[in-house]
Amino acid sequence: MSDAGPGRGGIGGRLLAGAALAAALITAIPVAMAQDATPPAKSDAPPLKIELNRLEPAGEACRTYMLVDNSRGPALKSLKVDLFAFDTEGVAQKRLAVELGPVQEKKTVVRLFDFAGLACPKIGRLLLNDVLACEGGDATRETCLERIEPATKTSAAFDR
C-alpha cells in the first residue's frame, strides 16, 4: 500500500481533499460577507422630528424649547424621553425625564421644560438617551426611538 497515491485515501488523497475544502471555503466567504454587509431594512414608519429649538435662562435653570414635529405620523398619547445634558467639556451634568406628548396626528407642538441648576451656556450637548414611554396606535418604545430624528437650532448638539 502506498500513501502517496491521490484518490486512494493516503496523504495525497487527504491533501487533495483539504485543498478542495479550502477552495470551497474561500469561494463561500465573500458570498457570506456580502450577505452580512447588507444593511438592515429601515422601518417604513414616518419620522418623528424632535428639535432642540431654543435654550434660555430662567432664574437658576435653563429653559429648553423642544419642537416635536409629528406632521406625518399617527397621534401619540404619550412620548416620554430620557435626556442627559452634557457641559461644553462633554461631562454629563443633568438627567431629566420629560413628557413631550400628547402629540396629535399630523401636528407639530412645542414643549418647554427646565434643567434646574444648570446655566444655558454650560450646555454643550443634549443626548436623547432613551424613550421611556410611547403610546398611540401600534407604537412601542423601540419603534418610537427608531422614528426619532433629532435636530438643533442652538449652539448645543442634540443627538441620540
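Q: Before we start, what does "buried" mean here?
A: Buried means under 20% relative accessible area. Keep in mind that this is a predicted model.

Q: Okay, so is asparagine 70 buried or exposed?
A: Asparagine 70 counts as buried, because its relative accessibility is 0%. You'll find asparagine 70 in strand E2.

Q: Which side chain does asparagine 70 make a polar contact with?
A: With that of arginine 147, at 3.2 Å.

Q: And what else is around asparagine 70?
A: Leaving aside neighbours within four places in sequence, asparagine 70 is in contact with several residues, including Leu48, Val103 and Thr108.

Q: New topic! What order do the strands take in the open sheet of 4 strands?
A: The order is E4-E3-E6-E8, and the pairing is mixed.

Q: Which strands stand at the edges?
A: Those are E4 (92-99) and E8 (157-159); each has a single partner strand, so one side of each is left without a neighbour in the sheet. From one strand to the next, the twist averages 20°.

Q: In which sense do E6 and E8 pair, parallel or antiparallel?
A: Parallel, over 3 bridges. As for a bridge partner, leucine 127 has aspartate 159 in E8.

Q: How about the largest nonpolar core, how many residues does it have?
A: It has 29, and Met66, Leu79, Leu83 and Leu100 have the most contacts inside it. Strand E6 supplies the largest share of this core, 5 residues.

Q: What does leucine 83 touch?
A: Not counting residues up to four places away in sequence, leucine 83 touches Met66, Phe113, Leu127 and Phe158, among others.

Methods: Residues numbered from 1 in each chain as written. Predicted model: local features only at pLDDT ≥ 70, side-chain atom pairs only at ≥ 80, totals over all residues. Heavy atoms only, no water. Pairing = 2+ DSSP bridges. Helix = DSSP H or I, 4+ residues; strand = E, 2+ residues; numbered from the N terminus. Axes fitted to C-alpha atoms, helices over the stretch in contact; angles between N-to-C directions. Core = buried A, V, L, I, M, F, W, Y, C linked by side-chain atoms within 4.5 Å. Buried < 20%, exposed > 50% of the residue type's maximum accessible area, 1.4 Å probe, protein only. Contact = heavy atoms within 4.5 Å. Polar contact = N/O pair within 3.5 Å; in protein donor to acceptor, adjacent residues only side chain to side chain.
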